[in-house]
Amino acid sequence: MAKHTFLTGDRPTGRLHIGHYIGSLKNRVALQNSGDYDNFVMIADTQALTDNANNPEKIRNSLMQVALDYLAVGIDPQKTTILIQSAIPALPELTMYYLDLVTVNRLNRNPTVKAEIQQKAFGESVPAGFFIYPVSQAADITAFKADTVPVGDDQEPMLEQTREIVRSFNRTYQRDVLVEPEGYFPPKGSGRLPGIDGNAKMSKSLNNGIYLSDDADTVQKKIMSMYTDPNHIHVEDPGQVEGNVVFTYLDVFATDTAKVAELKAQYQHGGLGDVKIKRYLNEVMDGVLRPIRERREQYAQDMASVQQILIDGTAHANDIANQTLQEVRDAIGFNYFK
Ligand code: TRP
């Protein structure tokens, strides 16, 4: 069977949390370990800069943290190329060519970017680089001819837009150079974890996330402060399971589904206290997070080796991206000196 290729990435604007883990990191490790793919994971610092131009420090500081998070969850540098977006010069050149195949109106209709523009309250001051980041993402994906992109559901509009660019490029220049990618998404229902406060989104600004790098104490404190059912005051009171973050997390992380069903029944009936379910969740989360934490600590002891992983990965990535760029220039006819 011909090998598939996946490429994916994250903007380094902070450490990664368990939402990222469920939303895509877990899938990436599974695809990597299937052996069916050439694997590329990109730290998208250029994309992070599109709405952080005046705060490159934040990106710089997050970059190594994200690299550690990748290694911690089991991205294996022997199997997966980890690369830094800003160190791949072919990407901005591809982006420039693709921009000519996309209309401003089409970019305006990208629902994820639209929502982010709202959420970030840019007002009239949307940076042009931010506005066009779906096109730079198309460059990321196509430079490696990825057919598969393991990401969260919110990234589907980027893939749709990438497919349109691929089709437009191949049609316009009459050559099958670029490959149409498909998303690879988490199983339905487990795509989005709420924050510990019950907010639908886990975000740094709300300080409501559990980070892969949190120590055991911090995780326990966060779980003990989790939003449950505000009307469940006395242990004897019947409690609500829907919207109760402890049960939402148990549904996603606990493997003993019979036990979770039993706890739910007891909680709804009354007689089961919040502290008990939180203790159980803490146990479950420790089982998930401990190996991640231990691997992270191991790598963190030798940051020089982590840096070398990024140097090697980026060098390999440049070879491949430059090859695609050459094919793209040839297709356009920008090869005057050949
Ligand atoms: N937009 C993605 C995010 O914010 C990050 C990203 C950049 C990406 N380039 C990519 C994801 C290419 C997949 C493929 O999470």
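**Notebook: ligand site and pocket**

I looked up Q47 and found one of its polar side-chain atoms 2.7 Å from a nitrogen atom of the ligand; I count a polar contact as a pair of N or O atoms within 3.5 Å. The model is predicted, local features need pLDDT of at least 70, side-chain atom pairs count only at pLDDT 80 or more, and totals for chains, interfaces and linings use all residues. Residues are numbered from 1 along each chain as its sequence is written, and side-chain values use heavy atoms, without hydrogens and water.

I checked Q137 next: a polar atom of its side chain is 2.8 Å from a ligand nitrogen. For Q155, a side-chain N or O atom lies 3.1 Å from a nitrogen of the ligand. The protein buries 92% of the 370 Å² that the ligand exposes when taken alone (Shrake-Rupley method, 1.4 Å probe).

I then listed the shell. It holds 13 residues around the ligand, with R11, Q47, Q137, D140 and Q155 coming nearest (near: a heavy atom within 4 Å). By class I noted five nonpolar, five polar and three charged residues in this shell. β1 (4-10) and α8 (133-143) each give at least two shell residues. β1 has the largest share, four residues.

I noted a volume of about 1,400 Å³ for the largest pocket. Of its 47 lining residues, R11, H20, E116, D154 and K201 are closest to the centre (lining: an atom within 4 Å of a point).

Notes. A polar contact is a pair of N or O atoms within 3.5 Å; within protein, one must be able to donate a hydrogen and the other to accept it, and residues adjacent in sequence count only if both atoms are side-chain atoms. Ala, Val, Leu, Ile, Met, Phe, Trp, Tyr, Cys and Pro count as nonpolar, Asp, Glu, Lys and Arg as charged, and the others, Gly among them, as polar. On a 1 Å grid over the protein atoms alone, a cavity is a set of points where a 1.4 Å probe fits but cannot get out, and a pocket is an open set with protein on both sides within 12 Å along at least five of seven lines; lining residues have an atom within 4 Å of a point. Grid points are joined across faces, edges and corners, and a volume is the space filled by probe spheres set on the points.
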